Amino acid sequence: MSKYTERIYNGIVKENPTFILMLGMCPTLAVTTSAFNGMGMGLSTMVVLVASNLLISMLRRIIPDKVRIPAYIVVVATLVTVVQLLIQAFIPALYDALGLYIPLIVVNCIILGRAESYASKNPPVVSACDGIGMGLGFTLALTLIGFFRELIGAGTILSGTPLAVTLPEIYEPIAIFVLAPGAFLVLALIIATLNALHIKNNGNKKVEGCDGNCASCSGLSRCLSEQEKQGVE
Amino acid sequence: MNDLLNVSSSPHVRGKATTRSIMYDVLIALLPATAFSVYRFGLYPLAIVLVSMLAAVLTEYLYEKGTKRRVTIADGSAAVTGLLLALNLPSTIPLWIPVLGSVFAILVVKQLFGGIGQNFMNPALAARCFLLISFTGRMTTFSVDSVTGATPLAVLKSGGQVDIVSMLIGNTGGTIGEISTIAVLVGAVYLLARKVISWLIPVSYIGTFVVCLVLFGGHGLDVNFILGHLCGGGLMLGAWFMATDYVTTPITKNGKIVFGVLIGVLTCVFRLFGGSAGGVSYAIILGNLCVPLIEKVTMPKAFGWEGKQS
């Protein structure tokens, strides 16, 4: 695997921003009322993420260390404004559905997180690939959550797209799933399923420096890479 | 908690209470309310109760078998959850709703958090709120003698007068278990006499509720208004049977009082200022969420630790 495809694989599977890193929870929980909305949010974020990773990586030797965060914000906010105007002009339905959450992409911690931890230390092309990977991982996760919430909570599949299917009348939608509690339920159940699969495939190994209390641990990616090292040994 | 500190030397007298005996006592205590609803609405509520209990027990059995855990259906806790959920449903609800609610209560609220003793909120109430949010129309349509009418609480909310005597007996609209205040109180007296529940939470709950009602209800000491609120809705059922759940309420004495006061204020706020007429379920599950904090604050200090931060 070249380092470019490795970045993409890393973003989608190994360090999936939603299910593994648990970043950007606010848009994840708020806009995934349907698969279409989730995908729209994911793709808008991805466009901003790829462009901001590319720009910040190219500017990484110019931006002074002390003011790097404001500098990143300026870059990201510019890109978000561009994306917002584009969505408003070409996909007004999505613009109405996402509303306030489009400008809020500026403060999405995935974007700042990748700028800080990856793009500011790596060359432009590989940083852009990192953005594509993370963006795709985010988009897939949001679409998946939106798909289940829409299916259970509204009784429709892919509404808002040409492939829309409505379940027969006999199914009465469980409305709580398109409301806020449903977002937490679906997200938690998906993460629990993924963790169960992960443990089944890799075993529940104890990592050095880990007291087994994952709730108080912030270094999940470190944890996973440690696990991998131990696996190699 | 002072009596806890008086530990004599061994041998100790052991209590006879087990999870099983407690749960069976609760089931017995709920019989009057269930029996009354059958007398009042016919056999259909009985079907709801049985289906709900069966679904709860079956879900617990299948989950514990599937995950190779110890099967705990014999202790009766799943049956109590199913019964409490059924008592919180309208008497004309289609049978798939109690099934859905019981599965949610046992699977999501109880088993996914670790099974009996580990659930963070009352499973029956969580399922009731789940159903209430999802199927608001079905869950708030109450009919008496095939006539759909406003519940006493809705009448009170719109400023009307209610007939207290018929509310005590149960000639009003409402969910299966809450209509007859007397039937609920008979069960509560049984539980108190068997020392299954302590009076601390219900009394502090109802007391706080009355005080708040007098202060903020806008009717002052209007007896009809206060009694109507006490007998109406799920207040009595909630106070005696759900706010006294062992798992989801504080174990410390002071904690119990704090918990009662908290849900009393919350119930009053929801009923007087909230959008819907009832608010007991939401008040109790919000109270459940505060229990770890309440216990942390009210934990009695061990002898010798006075004044130190433990």
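This is a predicted model: local features need pLDDT of at least 70, side-chain atom pairs count only at pLDDT 80 or more; totals for chains, interfaces and linings use all residues.

Colleague: How much area do chain A and chain B bury between them, and on which atoms?

Modeller: About 740 Å² is buried between the two chains, with 77% of it on carbon and sulfur atoms. On the chain A side, A:Glu172, A:Ile174 and A:Ile176 supply 59% of the area that chain A buries against chain B, more than any other three residues.

Colleague: How many salt bridges are there between chain A and chain B?

Modeller: One salt bridge is counted there. A salt bridge pairs a side-chain nitrogen of Lys or Arg with a carboxyl oxygen of Asp or Glu within 4 Å, and here the side chains of B:Arg138 and A:Glu172 meet at 2.7 Å, N to O. Across the interface, two residue pairs are in polar contact, both at pLDDT 80 or more.

Colleague: Now the empty spaces. How do I look for those?

Modeller: Rolling a probe the size of a water molecule over the atoms shows where empty space is left. In this structure there are two cavities of 30 Å³ or more.

Colleague: Which residues line the largest cavity?

Modeller: The lining consists of B:Pro152, B:Met167, B:Thr172, B:Gly173, B:Glu178, B:Ile179, B:Cys231, B:Gly232 and B:Gly233. The space inside is about 50 Å³, and the lining counts four nonpolar, four polar and one charged residues.

Colleague: What about the second largest cavity?

Modeller: Its volume is about 30 Å³. Around the second largest cavity sit B:Glu178, B:Ser180, B:Thr181, B:Val184, B:Cys231, B:Gly233, B:Met236 and B:Leu237. Helix 10 (181–193) and helix 13 (235–242) of chain B are the elements giving two or more residues to that lining. By class, the lining of the second largest cavity has four nonpolar, three polar and one charged residues.

Colleague: And pockets? Which residues lie nearest the centre of the second largest pocket?

Modeller: Of its 25 lining residues, A:Leu185, A:Ala188, B:Val108, B:Leu112 and B:Phe113 lie nearest the centre. The second largest pocket holds about 910 Å³ of space. Elements giving two or more residues to its lining are helix 8 (180–202) of chain A, together with helix 5 (96–111), helix 6 (123–134) and helix 15 (280–298) of chain B.

Colleague: Where does the largest share of that lining come from?

Modeller: From helix 8 of chain A, with seven residues. By class, the lining of the second largest pocket divides into 22 nonpolar, two polar and one charged residues.

Notes:
Residues are numbered from 1 along each chain as its sequence is written. Chains are lettered from A and ligands numbered from 1 in the order in which they are written. Side-chain values use heavy atoms; hydrogens and water are left out. Buried area is the accessible area (1.4 Å probe) that two parts lose on being put together, summed over both. A polar contact is a pair of N or O atoms within 3.5 Å; within protein, one must be able to donate a hydrogen and the other to accept it, and residues adjacent in sequence count only if both atoms are side-chain atoms. On a 1 Å grid over the protein atoms alone, a cavity is a set of points where a 1.4 Å probe fits but cannot get out, and a pocket is an open set with protein on both sides within 12 Å along at least five of seven lines; lining residues have an atom within 4 Å of a point. Grid points are joined across faces, edges and corners, and a volume is the space filled by probe spheres set on the points. Ala, Val, Leu, Ile, Met, Phe, Trp, Tyr, Cys and Pro count as nonpolar, Asp, Glu, Lys and Arg as charged, and the others, Gly among them, as polar. Helices (H or I, at least four residues) and strands (E, at least two) are DSSP runs, numbered from the N terminus.
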